[in-house]
Amino acid sequence: MKALVTGGAGFIGSNLCRALVENGWDVIVLDDFSAGFRENLLETLNSARSNHAELLVGDCTKSEDVRKALEGVEVVFHLAANPEVRIEFNSPANCFRQNVYATHVLLEAFRSSSAHTIIFTSTSAIYGEASVLPTPEYYAPLEPISVYGASKLAGEVLVTSYCRAFDKRGIILRLANVVGPKSNHGVVHDFVSKLRQNPRQLEILGDGTQAKSYLYVDDCVDALLRACRSSQNDVEIFNVGSEDLMDVKRVAMIVSEEMRLNDVSLEFVQGALDGRGWVGDVKNMLLDITRIKTTGWNPRYTSEQAIRLATRSVVLPTYVPTLEQTSIDIGRS
Ligand SMILES: NC(=O)c1ccc[n+]([C@@H]2O[C@H](COP(=O)([O-])OP(=O)(O)OC[C@H]3O[C@@H](n4cnc5c(N)ncnc54)[C@H](O)[C@@H]3O)[C@@H](O)[C@H]2O)c1
């Protein structure tokens, strides 16, 4: 099977590429390096199966780059996007260009290509402030409170309509907060960087009561592969997350513990109304994962285990988690 992974030099993309190549796929990566790094792919590009992976530096908003990348491809994993919710780091215009326009350009090339399936990484942010937790896929109305969430919802709708109109298969995964090795954004990366600068005090955006579910990147990659194999319908949507949630204060405690820091004082900085960290920060998020479980997928890690493993991977980049280490060292949830 030959796959195109857009955004394959990023956090989730590079972990996915490694798994695809290990599982016998041929992989083309298309990435413009706006946030990704060649180093993220070194393991894959230097592996025994390195001749099954090819890196194309190109932009999903340019149809000539996308058409070239799609040659001979059967399955497209579309991950390229700007995943930042905070508007000061991802303007509405940027969200539109990288998340909506890029998806449109890709779908235009996809509809007349040899590829039959597209897998799109969406987000829990499309639900906005859902009144039902855990939130199922059929929850409505979908009212994102961030422009990022809106841009990913627009991407979902484009994928759905192109697949229905042009007889292709589309799989949409709505991901919780993904953490793990090669991440250069998000709460764990942010806390570790701040604690390295000042091991006595940690600045937390918001009042620390924001409670969310965290997913370890290996579980995310397994879900991408599993959904791709198991999905039967022309378009299917799956929530993907762990089954518990934890608040940001607890995340701060775990990160401090894993860094062997005692007596870290927490300083809360109000970024937006109601104790949110920033405008568009959803206060409580937990996804109902009943549907993806019917494919045989189950999260291996809880939110707490995911945060512990992710912290270790940032602090010690060569750290490789195993289930044994997980049950001995971090089974404290
Ligand atoms: N990380 C999370 O917690 C999370 C949660 C929900 C959904 N997602 C989604 O998963 C996907 C991957 O997220 P990530 O955390 O790995 O982000 P990331 O920033 O690490 O990776 C995105 C990659 O896309 C590339 N890219 C961006 N615009 C591009 C363009 N126009 N052309 C080519 N390449 C481009 C970047 O260089 C980067 O390598 C995104 O679609 C994101 O919306 C992520």
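Trainee: Which element gives the most to the shell around the ligand?

Mentor: Helix 1, with three residues. Helices (H or I, at least four residues) and strands (E, at least two) are DSSP runs, numbered from the N terminus. This is a predicted model: local features need pLDDT of at least 70, side-chain atom pairs count only at pLDDT 80 or more, and totals for chains, interfaces and linings use all residues. Residues are numbered from 1 along each chain as its sequence is written.

Trainee: How many residues surround the ligand?

Mentor: 31, and the closest are G7, G10, F11, G36 and A81. Near means a C-beta atom, placed from the backbone, within 6 Å of the molecule. Elements giving two or more residues include helix 1 (11–22), strand 2 and helix 4 (92–111).

Trainee: And how does that shell divide into nonpolar, polar and charged?

Mentor: 14 nonpolar, 13 polar and four charged. Ala, Val, Leu, Ile, Met, Phe, Trp, Tyr, Cys and Pro count as nonpolar, Asp, Glu, Lys and Arg as charged, and the others, Gly among them, as polar.

Trainee: Switching to D31. Where is D31 found?

Mentor: In strand 2, residues 26–31.

Trainee: Is D31 buried or exposed?

Mentor: D31 counts as buried, because it has 29 C-beta neighbours inside 10 Å. The cut-off for buried is 20 or more other C-beta atoms within 10 Å of its own; exposed is 12 or fewer, partly exposed lies in between, and C-beta atoms are placed from the backbone.

Trainee: Which residues is D31 in contact with, leaving aside neighbours within four places in sequence?

Mentor: G7, G8, A9, G10, G36, V57 and A80. Contact means C-beta atoms, placed from the backbone, within 7 Å. D31 and A81 are 50 residues apart in sequence and 10.0 Å apart in space, C-alpha to C-alpha.

Trainee: New topic, helix 5. What should its 19 residues span?

Mentor: 27 Å, at 1.5 Å a residue. The rule is 1.5 Å times one less than the number of residues. The end C-alpha atoms of helix 5 (residues 147–165) are 27 Å apart, which agrees.

Trainee: Which residues are buried in helix 5?

Mentor: Among them are V147, Y148, L153, V159 and C163. What covers the buried residues of helix 5 includes helix 4, strand 5, strand 6 (169–175) and strand 11 (235–240).

Trainee: What comes just after helix 5?

Mentor: D167, which takes a positive phi of about 55°.

Trainee: Last one. How many helices and strands are in the protein?

Mentor: Eleven helices and 14 strands. Of the 333 residues, 49% count as buried.

Technical notes. Two residues are in contact if their C-beta atoms, placed from the backbone, lie within 7 Å.
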